[in-house]
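Subject: Model handover and notes

Hello,

Please load it before reading on; my notes follow.

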Amino acid sequence: MRNPVHRLLIANRGEVASRVARAARTLGVRTVAVYSDVDAGLPYLDDVDEAVRLPGQSAADTYLNIAAVLAAAHRTKCDAVHPGYGFLAESAEFAAAVAAAGLVFVGPPAECVAAMGSKVRAKDLARKASVPVLPDAVIGGQDPDLLESADRVGYPLLVKASAGGGGRGIRLVEKAADLSTAVASAQREAKASFGDETVFLERFLAGPRHIEVQIFGDTHGNVVHLGDRECSVQRRHQKLIEECPAILVDTELRSAMAVAAVRLAEEINYVGAGTCEFLVQGDEFFFLEMNTRLQVEHTVTEEVTGIDLVEMQLEIASGARLPVTQSEITFTGHAVQARVCAEDPYAGWLPSSGHVRRYWHPHDDGVRYEDGICSDVSISPHYDSMITKVIARGTSRNRAIRTLGDALGSLQLHGPATNIAVLQRILTDEEYERGAVTVNWLERRADLVAATPLPVHAVAAVVAAGVDSAETVWPLSPAWSNAPRPPVQCTLVDEHGTAYEVSYRPPAATGLPFDLFVVDDAEFTVRCLGRDGNRWRVEVDGVARVLQVSADGALASDGGARVWVNGGAGQVAMRVAPRFTVSSIDSIVGGPTSPMPGTVQSVHVSAGQHVSAGDRLVVVEAMKMEHVIHASADAVVAKVLVEAGQAVAGGHLLVELEDRS
């Protein structure tokens, strides 16, 4: 019996809430969103008919609060709930609570969610369905047989959270001495992220690829697959770039994975959208997990199949049969997606949060943007770091990659640090273009995650704009007088802390052109050929480029304001270093500070304790990831300034250390 959805609560936030709302609108379904206090200004609230406030900031108080979410659904007379991905999307408890409240859960039944939500149980079901799995062992809270279990699995191994996904609760262990610490850390992160500290050990494959198969089932017993996706470009076990179809996969292997995925879905009477993830090494594949929800990377499958997966989710939830049979599903061209995250790759992928001064992208054919932000909003440290997805399609893989690279180069995101430059570098790398990537590829390619020098055109544009105007960007001395005088000198610092010594001598107060332009002892001939507002045409040694120059703040003499330069090659940010440094107590007191806003998860030292370089001091959680703060040198703990559960700002002093000598 079919019961069409009329009014849908979207139990999520950001870009996925907007994505679900668009699909619902196409079907004539009214939508209601929920929002936390810190999300009240985000653009997804413009894409729904109504929105209900969930008081609080943390995920636990808001988007993970089942009672509050269901109350919002009842208050707005919704008849269905879409969980999106993340938060409660793979909570069997939530799926059951939605059904018990008389609402339609847009996803599989709670029994399926529970079966696949536990990776341990999922692997047992995979074995039953004759799907290959890796050796493993379940670990209890204080398992006395931990070392014995690890020996059976074999080193190296992974400690993995049984619940959840997204790369959280995973630790690599190469020797027995590190096992207990890794288990405890994984358990803490698993409990914080998923409310379940159960972990298990699994044999670690050196250099596998990560390939997944999209499946769909209906309530009438039909199951189909919609092809596979390549997801091997990862950092910290989280995906950065995804493609459809998977690359370097022969017909036999592709068919075997698809058949296995469908067989597992049929084994558990699966309904709705789901994804079977596999590790692939050579011509072998092993079941990793099944995600009982829409995937972040569902977009590339849509671009290649022409099927709207969210619309199909809503139709299936209403009791409809699958609209296509397996033979009717076709694949055309290639699609690639990049996840733009608020994080600093050059600082160990630390999360970044704060105000977004400007967010803009062009509207190009063949490019799709799934946005979670807009200009003049703030990125919160309380939630996931992904803020935008950029998806490109093409008739071939090479064309899709080039289109995606151009789109990332045009993206303007002024505010917190992002991974855009690294994404651009990956897309132009020869190994990536050949498809020679594995799940640990990015870890061994440190060159792709190394800061590069500022382009001279960008440096020249900033100096020229500063000389030309005392208002629009920042005031720099024009160095003009009737008598000869030495060149003006200043220090520019890029967003990664690298300093550049710049000398210039413009012949007139307008600053156009420069007589002399020197960057770190390298001389250039620079001319500014024209400007239109913030758009500058800058010529360096006879090569001209058009760049957009914009500033954050009035004066940069204190080093606080930044200038962003955008051009076809991408974006850079810089500031003028202050001429004088003011001493402060923070510069006198020694000790580590929190590298980002977050919450103290655990403190591992006490006052008077002797520590050695590399010892663990404090663990800070931000954007659902743990970050371990280590001692940088041998020292004595003078004071511990934080406690577990305490919220800290970026730069907050955590532990005061004294010289051990």
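Which backbone nitrogen lies 3.0 Å from a polar atom of the side chain of S380? The backbone nitrogen of H382 does. S380 is found in the loop between β21 (377–379) and β22 (386–394). Its relative accessible area is 9%, so S380 is buried (under 20% relative accessible area; exposed is over 50%, partly exposed in between; 1.4 Å probe, protein chains only).

Ground rules. This is a predicted model, where local features need pLDDT of at least 70 and side-chain atom pairs count only at pLDDT 80 or more, while totals for chains, interfaces and linings use all residues. Residues are numbered from 1 along each chain as its sequence is written, and side-chain values use heavy atoms, with hydrogens and water left out. Helices (H or I, at least four residues) and strands (E, at least two) are DSSP runs, numbered from the N terminus.

**R13**

R13 sits in the loop between β1 (7–10) and α1. It counts as buried, at 16% relative accessibility. Its side chain makes a polar contact with the side chain of D39, at 2.6 Å. A polar contact is a pair of N or O atoms within 3.5 Å; within protein, one must be able to donate a hydrogen and the other to accept it, and residues adjacent in sequence count only if both atoms are side-chain atoms. Leaving aside neighbours within four places in sequence, R13 is in contact (heavy atoms within 4.5 Å) with D39, L42, Y44, Y63, F87 and Y383.

Most residues other than glycine have a negative phi, and most peptide bonds are trans. Some places here depart from that pattern:

- F87, listed above as a contact of R13, has a positive phi of about 50 degrees. Its place is in the loop between β4 (80–82) and α3 (92–100).
- W349 has a positive phi near 65 degrees. It is found in the loop between β16 (343–344) and β17 (350–351). W349 is buried, with a relative accessible area of 13%.
- The peptide bond from Y155 to P156 is cis, with omega near -10 degrees. P156 lies in the loop between α6 and β7.
- The peptide bond from C244 to P245 is cis, with omega near 0 degrees. P245 lies in the loop between β12 (238–244) and α8 (251–267).

**The open sheet**

Four strands form an open sheet in the order β6-β9-β7-β8, with antiparallel pairing. Two strands pair if DSSP finds at least two bridges between them. Why do β6 and β8 each have one side left without a neighbour in the sheet? β6 (136–139) and β8 (170–173) stand at the edges, and each has a single partner strand. Neighbouring strands of this sheet are turned by 20 degrees against each other on average, direction ignored. Helix α6 (residues 146–153) packs on the sheet and touches β6, β7 and β9 (199–203). The direction of α6 makes about 30 degrees with that of β9. For such angles, axes are lines fitted to C-alpha atoms, for helices over the stretch in contact, and angles run from 0 to 180 degrees between N-to-C directions. Strand β7 (residues 157–161) is joined to β8 by four bridges. Within that pair, V159 stands opposite R171.

**Strand β31**

Strand β31 (residues 562–567) has five of its six residues buried, so it is largely enclosed by the rest of the structure. Five bridges join it to β30 (residues 543–552), antiparallel. Another strand, β32 (residues 570–576), is also joined to β31 by five bridges and runs antiparallel to it. N566 stands opposite Q548 in β30 and opposite Q571 in β32. A hairpin through two residues joins β31 to β32.

**Cores**

A nonpolar core is a set of buried Ala, Val, Leu, Ile, Met, Phe, Trp, Tyr and Cys residues joined through side-chain atoms within 4.5 Å. The largest has 98 residues, of which L8, L9, F94 and Y432 touch the most other members. Helix α1 (residues 14–26) gives the most to this core, with six residues. Domain 1 (7–106) and domain 3 (209–449) both contribute, so the core lies between them. Those bounds come from an automatic or database domain assignment. A second, separate core of 32 residues includes V463, C490, Y500 and V576.

Best regards
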